[in-house]
Amino acid sequence: AHRYATFHDFDGSGSRVASAVGLTCLDVWGHDEDPGVAQLAEYRGIALQLTNILRDVAEDATRDRIYLPQEDLERFGVTEPELLAGEPTERLERLMQYQIERTRSYYEMSATLERHISADCRATSWVMTQTYRRLLERIARDPLAVLRRRVRLPSLTKLAIAARGAWRRNWTPAGQHA
């Protein structure tokens with residue numbers, strides 16, 4: 001069974017994978033020597049991982065994987081059987097809203113990451129981040145939709161993000177940030 005008693009437990013162990021991805025991307029893409037860049041990459045990795053957790057909350061519960069912290073389930077009065085049953089309750093909606101806000105805060109804490117990444121890789125990071133942020137905002141419009149289906153971005157939205165990223169890569173003047 002996959003469980004985290006507190007968000008600190010997730011942040012300390014469950015996010016290692018997310019942090020490792022962010023740090024690996026930094027190494028591949030290249031970055032300046034700012035001492036805070038690793039922390040920004042870790043925050044971004046956590047934001048992306050939390051977005052995945054919210055999108056997959058019902059699917060994961062059916063596999064006995066509950067990545068939402070137990071302390072948060074208790075705080076909002078949501079039981080594991082409720083998650084497994086996929087019951088759309090006000091308590092679960094409040095829990096989801098809380099998690100959405102937490103995830104938004106990690107995107108905000110990592111907002112300056114692109115300015116530290118090598119210029120020719122900033123657009124890639126931007127596209128990845130915009131795709132996940134849009135997914136988070138789609139979940140935020142109907143937080144309980146994750147109980148009924150896997151929330152996805154429409155193909156046209158993903159295409160538009162990719163096109164804008166390509167434009168940013170090709171047309172951002174030297175010295176400006178994508």
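The chain averages a pLDDT of 86, and 88% of the residues score at least 70, pLDDT being the predictor's confidence in each residue, from 0 to 100. Confidence in the chain is lowest in helix 1, at a mean of 71, and highest in helix 6, at 97. Where pLDDT is low, the predicted coordinates should not be read in detail. This is a predicted model, in which local features need pLDDT of at least 70 and side-chain atom pairs count only at pLDDT 80 or more, while totals for chains, interfaces and linings use all residues. Residues are numbered from 1 along each chain as its sequence is written, and side-chain values use heavy atoms, with hydrogens and water left out.

**Overall fold**

- The chain has eight helices and zero strands, where helices (H or I, at least four residues) and strands (E, at least two) are DSSP runs numbered from the N terminus.
- Of the 178 residues of the chain, 44% count as buried, a class that means under 20% relative accessible area, with exposed set at over 50% and partly exposed in between (1.4 Å probe, protein chains only).
- Among contacts (heavy atoms within 4.5 Å) between residues at least 6 apart in sequence, 71% join residues at least 24 apart.
- The chain exposes about 9500 Å², of which carbon and sulfur atoms supply 52%; these accessible areas come from the Shrake-Rupley method with a 1.4 Å probe, and for residues only the protein chains shown count as cover.

**Nonpolar cores**

- A nonpolar core is a set of buried Ala, Val, Leu, Ile, Met, Phe, Trp, Tyr and Cys residues joined through side-chain atoms within 4.5 Å, and in the largest one, with 37 residues, Leu 83, Leu 92 and Ile 139 touch the most other members.
- Two or more residues of this core come from each of helix 1 (7–29), helix 2 (37–55), helix 3 (57–62), helix 6 (90–109) and helix 7.
- A second, separate core of nine residues includes Trp 29, Ala 41, Leu 113 and Ile 117.

**Helix 6**

- The 20 residues of helix 6 should span 28 Å at 1.5 Å a residue, and its end C-alpha atoms are 29 Å apart, which agrees; the expected span is 1.5 Å times one less than the number of residues.
- The buried residues of helix 6 are Leu 92, Leu 95, Met 96, Gln 99, Ile 100, Arg 102, Thr 103, Tyr 106 and Tyr 107.
- Arg 102 is buried, with a relative accessible area of 12%, and, leaving aside neighbours within four places in sequence, Arg 102 is in contact with Phe 7, Leu 50, Pro 69 and Asp 72.

**Helix 7**

- Helix 7 (residues 122–141) should span 28 Å with its 20 residues at 1.5 Å each, and its end C-alpha atoms are 28 Å apart, which agrees.
- Buried residues in helix 7 include Arg 122, Trp 126, Leu 136 and Ile 139.
- Not counting residues up to four places away in sequence, Ile 139 touches Thr 51, Leu 54, Arg 55, Met 96, Ile 100, Val 146 and Val 151.
- Thr 124, also in helix 7, is partly exposed at a relative accessible area of 42%.

**A loop residue**

- Asp 64 sits in the loop between helix 3 and helix 4 (70–75) and has a positive phi of about 60 degrees although it is not a glycine.
- At 37% relative accessibility, Asp 64 counts as partly exposed.
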